[in-house]
Number of protein chains: 2
Amino acid sequence: MASSMIFTDCSSSTTSRLIHFNRRSSNNNTLLLRQCVDQLRLRTPNRSCSSLSIHCSSSPTPANSESEASLAKVIDGKAVAKTIRDEITIEVTRMKESIGVVPGLAVILVGDRKDSATYVRNKKKACDSVGIKSFEVCLSEDSSEEEVLKSVSSFNDDPSVHGILVQLPLPSHMVEQNILNAVSIEKDVDGFHPLNIGRLAMRGREPLFVPCTPKGCIELLRRYNVEIKGKRAVVIGRSNIVGMPAALLLQREDATVTIIHSRTKNTEEITREADIIISAVGQPNMVRGSWIKPGAVLIDVGINPVEDLSAPRGYRLVGDICYEEACKVASAITPVPGGVGPMTIAMLLSNTLTSAKRIHNFE
Amino acid sequence: MASSMIFTDCSSSTTSRLIHFNRRSSNNNTLLLRQCVDQLRLRTPNRSCSSLSIHCSSSPTPANSESEASLAKVIDGKAVAKTIRDEITIEVTRMKESIGVVPGLAVILVGDRKDSATYVRNKKKACDSVGIKSFEVCLSEDSSEEEVLKSVSSFNDDPSVHGILVQLPLPSHMVEQNILNAVSIEKDVDGFHPLNIGRLAMRGREPLFVPCTPKGCIELLRRYNVEIKGKRAVVIGRSNIVGMPAALLLQREDATVTIIHSRTKNTEEITREADIIISAVGQPNMVRGSWIKPGAVLIDVGINPVEDLSAPRGYRLVGDICYEEACKVASAITPVPGGVGPMTIAMLLSNTLTSAKRIHNFE
């Protein structure tokens, strides 16, 4: 139950997939913390990490983050997401008043996972808050693939639905790809269809949708006037849902991009060359202060629970980047929580609006 | 006419597109050489480039390239391409004998460009040499888009055709994308369809075809036992047809990849970090010896004509990498010509064979 509650600000299917990885690791938070320390020992052999939970733990909310020692501006994802939702509200209203069309987002939920139910509830709330109509189908755990495909197909055909999300993970007896591939590319607001990714990679082509979390990262940079063009950017993690599309987006913005992954050697050294770092690996506090070029801008996609007996639930959330160290070196940093998380669902709403506008040829 | 003859070993539509860029620049070879010098001055301000044509000019054939000062092994693309063609010949024969199917490649040529006619002729020759059946449609310069689409459609439906190439450039009154998009993705042996590129970018997905030139680059590394996994790779150039897919391929092979492009700062410094460099920008001798990490492996995709009054045609071909300097620093290097060039068409034949095998479910 705890793990179903901690990701309430990251609620597109994107995030749930990312989190799924974290959640598997977090069945035992003590183990996870130990893994974290081990990993840091491995990666930074000359640093003592025995006091990790004290020295590399503070992930403050924007309000109290700018201590005297902190140089970094806090990139307030919660505030930016709020602004974007307000902008979307205005556009939704304008669309409704001009052509009588209300954007619609459909979510398909299969099974009884509490965390999935929470995500779906949050999406519904977010839709409500901006005036987007939400549709929901809940199918039982033992539904057949065919039944799910039938729901997808019916939303594909429904003109009041402009975006379709299949909440992941699906029950293990289903082949995820079969179901995701059935979603009409015009309504695939997650943006994970290979055709979308291909267009994202290609110069002179435009994807129909940009995946929500990476889009949120770039949007944060934009709204904080961080210049991307000509900058060196490092993306840590090469997942299909965050790292890889984030790298493609940075490249579209004319950054010089390097992707770091599990096979990379000299991770620390390469990261230290970056003006912009986007980290999306799900490894708590992996990126230490010594990895960061002074003045770099840091976007932390990781949301990792670590044991904290002083916290009300016995754990707290930290990013991939050691906030306490990083904020003394970087020029700007996203907190965890309250950074990238709230942007994901804002971008989902944005993609749904974009889809409705495109389908109805509304500018 | 000269420019129609100099690219005879790079004859897929891939290359013709790349070369098109070069050809535009090379209307005046003197100008191009001057541009090269200017550019080098700009990029390496402390180096004298006044004697560029002497010091950075030698792009020998494999036979005479290993002078005493050269450390680098020459990666002999011509020989590797020959080996691959022999392997393809065996497979084509085996397929014919086992199931009576002969792979077929169709090329659509529109207009009277002599260079395009040369490429098409070379493709036909290459097909003949390995036993692949070739089909050809030549349409006049003033054909309509509709007529070209009709040819594409008829090859799409023809079961004896397993690969379709539309020779580029098309006459200016046609929209290239409309015609390329009409080619069945199962027969798109160029591998440029966004769906293919998307699959190339995504982990856990497989493209139907890998674009010929980048595939040739990786194949050269493989055949010369160059380890890619965990290595730092720099791709210079981010074109849809070479740079970008080459980067995606290197990443699939677990390299840590950085793409350098026109907006990149510190190009020299970044390039010097690379264990593997793939250059595909079409700038003669841009990559100097000082840009190269000792022991790096260099794959030079550029084929650039530069003025050389002592050469029979008044020009000679050089790569993007200053061969004379680079071969003293690198551990291995592709010559120009005779490096990547011959691989492109070998990969086109390979893609056609793959397509025929897939369509006929032949292992």
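Which residue follows α11(B) and has a positive phi? The residue is D254(B), with phi near 70°.

This report describes a predicted model, in which local features need pLDDT of at least 70, side-chain atom pairs count only at pLDDT 80 or more, and totals for chains, interfaces and linings use all residues. Residues are numbered from 1 along each chain as its sequence is written, chains are lettered from A and ligands numbered from 1 in the order in which they are written, and side-chain values use heavy atoms, with hydrogens and water left out.

**Chain A overall**

Chain A holds 15 helices and 11 strands; these are DSSP runs numbered from the N terminus, with helices being H or I of at least four residues and strands E of at least two. Of its 363 residues, 61% count as buried. Buried means under 20% relative accessible area, exposed means over 50%, and partly exposed lies in between, with a 1.4 Å probe and protein chains only. Contact here means heavy atoms within 4.5 Å. Among the contacts in chain A with a separation of 6 or more, 73% come from residues 24 or more positions apart.

**Helix pairs**

Two helix pairs are compared in the table. Axes are lines fitted to C-alpha atoms, for helices over the stretch in contact, and angles run from 0 to 180 degrees between N-to-C directions.

| Pair | Axes come within | Crossing angle |
|---|---|---|
| α6(A) (residues 77–99) and α15(A) (residues 341–359) | 9 Å | roughly 20° |
| α10(B) (residues 212–223) and α11(B) | 8 Å | roughly 40° |

The angle makes α10(B) oblique to α11(B), whereas α6(A) and α15(A) are roughly parallel to each other. Angles under 35 degrees count as roughly parallel, over 145 as roughly antiparallel, 65 to 115 as roughly perpendicular and the rest as oblique.

The crossing of α10(B) and α11(B) is right-handed. On the α10(B) side the contact is made by P214(B), K215(B), I218(B) and L221(B), and on the α11(B) side by P245(B), A246(B), L249(B) and L250(B). By class, these are seven nonpolar, no polar and one charged residues. Ala, Val, Leu, Ile, Met, Phe, Trp, Tyr, Cys and Pro count as nonpolar, Asp, Glu, Lys and Arg as charged, and the others, Gly among them, as polar.

α6(A) passes α15(A) in a left-handed crossing. A crossing is left-handed if the near helix is turned anticlockwise from the far one by less than a right angle, and right-handed if clockwise. Residues of α6(A) in this contact include V80(A), I84(A), I88(A) and M95(A), and those of α15(A) include I345(A), L349(A) and L353(A). The residues of the contact of α6(A) with α15(A) divide into 14 nonpolar, two polar and five charged.

**Buried helices of chain B**

Nine of the 10 residues of α11(B) are buried, so this helix is largely enclosed by the rest of the structure. The buried residues are G243(B), M244(B), P245(B), A246(B), A247(B), L248(B), L249(B), L250(B) and Q251(B).

Helix α9(B) (residues 194–201) is also mostly covered, with seven of its eight residues buried. Among them are L195(B), I197(B) and L200(B). The buried residues of α9(B) pack against α10 (194–201) and α12 (243–252) of chain A, together with α11 (243–252) of chain B.

**The nonpolar core**

A nonpolar core is a set of buried Ala, Val, Leu, Ile, Met, Phe, Trp, Tyr and Cys residues joined through side-chain atoms within 4.5 Å. The largest one has 130 residues, of which L221(A), L250(A), L221(B) and L250(B) touch the most other members. Beyond four places in sequence, L250(B) is in contact with I218(B), L221(B), I228(B), A233(B), V235(B), A255(B), V257(B) and I278(B).

V257(A) lies in strand β6 (residues 256–260). Its relative accessibility is 6%, so V257(A) counts as buried. Its C-alpha atom is separated by 6.0 Å from that of R232(A), 25 residues apart along the chain. Apart from neighbours within four places in sequence, V257(A) is in contact with residues of both chains, including A233(A), L250(A), V257(B), T258(B) and I259(B).

T271(A) is found in helix α13. At 0% relative accessibility, T271(A) counts as buried. Not counting residues up to four places away in sequence, T271(A) touches V234(A), I236(A), I260(A), I277(A), V287(A) and W291(A).

D275(A) sits in the loop between α13 (267–271) and β7 (276–279). D275(A) is partly exposed, with a relative accessible area of 21%. The C-alpha atoms of D275(A) and V234(A), 41 residues apart along the chain, are separated by 8.0 Å. Leaving aside neighbours within four places in sequence, D275(A) is in contact with K231(A), R232(A), K293(A), A296(A) and V297(A).
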